[in-house]
Structure formats: structure tokens, C-alpha cells
Amino acid sequence: VENSPVKPRLWLCGHIHEARGASLEQFCSNGIRSGDAAAAKTLVVNAANANAGRAKRLTAGSMLVDVDYESSRVEERTDG
């Protein structure tokens, strides 16, 4: 992602079971997060749903990501 000329709005993964969750990140070419508020933001989602360690069972439900293709805005939302 750091070396890509176009930053994705969404980066979806799920391999690291202990790191389930989402965060809004800014990447730049040298790998350091940009402080520029206007810089492109990427919503990084780890949707892992297996137990920690060697996966033997599902411990979490599905995650829903709502993407607004009409808007260039990306927002992180958590429901209480």
C-alpha cells in the first residue's frame, strides 16, 4: 500500500485472528503515516472470525462494511 501511487479506500484482510477490528489509516510513499488531513485515507478491516492461535472454531460473527461509491469520503464508525 505504501508504494502504490493510488491508495485504496478499503483494505480487507482476516488472517491474524487476534487483530480483528478496523482502523482508519493514512499511508504515504515512505511508509510513515501522513499528517495531511486532505491525504487519502484507507479503512483497514481485519474481519477474522476464528479463535486465537491455530484456528479450530469460529468465535466471532461476520462484519459488514458499507461502501459509498458516490462519495470520496471514508469514515470509521463503531456501533456501541
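The structure is a predicted model, in which local features need pLDDT of at least 70 and side-chain atom pairs count only at pLDDT 80 or more, while totals for chains, interfaces and linings use all residues. Residues are numbered from 1 along each chain as its sequence is written, and side-chain values use heavy atoms, with hydrogens and water left out.

**Overall composition**

The protein contains 0 helices and 3 strands, where helices (H or I, at least four residues) and strands (E, at least two) are DSSP runs numbered from the N terminus. Along the sequence, the elements follow the pattern β-β-β. The protein has 80 residues, of which 20% count as buried; buried means under 20% relative accessible area, exposed means over 50%, and partly exposed lies in between (1.4 Å probe, protein chains only). Its accessible surface comes to about 6200 Å², and 50% of this belongs to carbon and sulfur atoms; such areas come from the Shrake-Rupley method with a 1.4 Å probe, and for residues only the protein chains shown count as cover. Among contacts (heavy atoms within 4.5 Å) between residues at least 6 apart in sequence, 60% join residues at least 24 apart.

The 3 strands form an open sheet with the order 1-3-2 and mixed pairing. Strand 1 and strand 2 are the edge strands, each pairing on one side only. On average, neighbouring strands of this sheet are turned by 15 degrees against each other, direction ignored; axes are lines fitted to C-alpha atoms, for helices over the stretch in contact, and angles run from 0 to 180 degrees between N-to-C directions. Two strands pair if DSSP finds at least two bridges between them.

| Strand | Sense of pairing with strand 3 | Bridges |
|---|---|---|
| Strand 1 (residues 10-13) | parallel | 4 bridges |
| Strand 2 (residues 21-25) | antiparallel | 5 bridges |

**Burial of strand 3**

Strand 3 spans residues 42-46 and is mostly covered, with 5 of its 5 residues buried. Both of its faces are covered: Thr-42, Val-44 and Asn-46 lie on one side, Leu-43 and Val-45 lie on the other, and all are buried.
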